[in-house]
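Please look through the sequence and the structure shown here, and keep both at hand while reading the report that follows.

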Amino acid sequence: MKYVVTVICMTYNHEKYIEKTLDGFLKQKTSFPVEYIIRDDASTDNTANILHEYERKYPGYFNIIYEKENQYSKNLIPYFSQKVIMETKSKYVALCEGDDYWCDEDKLQKQVDLMEKNSSASFCVHANYELNDKTKKMKERHPYKKTGVLSIEEVMIEPNGMPATCSMLMRTDHINQYPVYDLPCPVGDRSRRMFLINKGPALYIDELMSVYRVNNTNSFGGHLYNYNKSIKLVNDMNNFFDLYNKYTGFKYDSYIKLLKEREMISHYIRFKQYDQIVKTEYYKEKYTLINKIKLFIKWRLSPIYVIYQKKNKI
């Protein structure tokens, strides 16, 4: 069977979440065949057993790979993902981690339809819900203002935050060219978007079609409140930005400095070093009035903000 979309799902110790992820896949209504490749990275909890149960209930629906040794600890995850992408014959590749899920049964159909109407487009993302795993509160995230074609600056700078990984649909014959060994990056979906915008336009659908989980201790972001790990991420991302800048012939050089500053700003925010943020060019050039007011509240009115956070369980 020739698939139109291949979905790649990475999971590790997601026993509390993986059923929601798989159910989101099962609910998809499409006019085309979809392949689901799920890779369990040697989970130590009940994740593998849940996956086996779904294999039993839905034979032939999922292609599940069970690792015997954890590959993340060997820094091999990016290479596995790219290997799958390079081997697939599908026209498109979609991503969804095992702790996130799709909440719109027409998500894939809508994205593929839009990509088909825009043959030069390299990828498509959409709005999503953000679910706080600790407080169980959910909020809307709209990384861009309206449905349509995104500018290069919007994709590079991502002024309203990064689109969720679980919102990405990529054109295979573009993303299969990604030089994973030449452009190593700790945040794989970030590097893919930057690579793809150099191949063709990006599309955005302003509809809430997936749920991205935050404050999950098993997630990548959950480990960044360790100071040394946070600094390492900043350094690794800066190294990627330098490699990308050279790889693209420095044609996006004007964005690179801002991107590096934004990575440092993320570190400052994690450790409440708000006084350092206002010294950056990114703050001066890209912070909106609303974002400046929010920063002022966190910084200058921090005691009140702490009370507000506790009261609203943020």
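Four strands are arranged as an open sheet in the order S5-S12-S7-S8, with mixed pairing; two strands count as paired if DSSP finds at least two bridges between them, and the strands (E, at least two residues) and helices (H or I, at least four) are DSSP runs numbered from the N terminus. Strand S5 (101–102) and strand S8 (138–141) stand at the edges with a single partner strand each, so one side of each is left without a neighbour in the sheet. This is a predicted model, in which local features need pLDDT of at least 70 and side-chain atom pairs count only at pLDDT 80 or more, while totals for chains, interfaces and linings use all residues. Residues are numbered from 1 along each chain as its sequence is written, and side-chain values use heavy atoms, with hydrogens and water left out.

Within this sheet, strand S7 (residues 128–132) and S8 run antiparallel and are joined by four bridges, and Glu130 has Lys139 in S8 as its bridge partner. Strand S8 also holds Arg141, which counts as buried at 14% relative accessibility; buried means under 20% relative accessible area, exposed over 50%, and partly exposed in between (1.4 Å probe, protein chains only). What joins the side chains of Arg141 and Glu130? It is a polar contact of 3.3 Å, where a polar contact is a pair of N or O atoms within 3.5 Å, of which, within protein, one must be able to donate a hydrogen and the other to accept it, and residues adjacent in sequence count only if both atoms are side-chain atoms. A polar atom of the Arg141 side chain also lies 2.6 Å from the backbone oxygen of Met162. Leaving aside residues up to four places away in sequence, Arg141 touches several residues, among them Ala127, Asn160 and Leu208, contact being defined as heavy atoms within 4.5 Å.

Another open sheet has eight strands in the order S3-S2-S1-S4-S10-S6-S11-S9, again with mixed pairing. Its edges are strand S3 (62–66) and strand S9 (148–150), each with a single partner strand, so one side of each is left without a neighbour in the sheet. The twist averages 25° from one strand to the next, with axes being lines fitted to C-alpha atoms, for helices over the stretch in contact, and angles running from 0 to 180 degrees between N-to-C directions. Helix H1 (residues 18–26) lies across S1, strand S2 (34–40) and S3, and runs at about 175° to S1.

Strand S4 (residues 92–95) is covered on both faces, with Tyr92 and Ala94 buried on one side and Val93 and Leu95 buried on the other. Strand S1 (residues 5–11) runs parallel to S4 and is joined to S4 by four bridges, with Leu95 as the bridge partner of Ile8. S4 and strand S10 (residues 169–171) instead pair in the antiparallel sense over three bridges, and Ala94 stands opposite Leu169 in S10.

The largest nonpolar core has 50 residues; such a core is a set of buried Ala, Val, Leu, Ile, Met, Phe, Trp, Tyr and Cys residues joined through side-chain atoms within 4.5 Å. Helix H9 (residues 253–270) gives the most to this core, with six residues. A second, separate core of 31 residues includes Cys9, Phe32, Leu108 and Ala164.

Charged side chains also meet, and the count comes to 21 salt bridges, each being a side-chain nitrogen of Lys or Arg within 4 Å of a carboxyl oxygen of Asp or Glu. The table lists some of these pairs.

| Salt bridge | N to O distance |
|---|---|
| Arg39 and Glu67 | 3.1 Å |
| Glu116 and Lys91 | 2.8 Å |
| Arg262 and Glu158 | 3.8 Å |

Arg39 lies in strand S2 and Glu67 in the loop between S3 and helix H3 (77–87), so the pair ties together parts that are 28 residues apart in sequence. Arg39 counts as buried at 2% relative accessibility, whereas Glu67, at 22%, counts as partly exposed. Arg262 is buried at 12% relative accessibility, and Glu158 is buried with a relative accessible area of 1%. Arg262 and Glu158 also belong to a network of salt bridges that links them with Asp189, Arg190 and Arg193.
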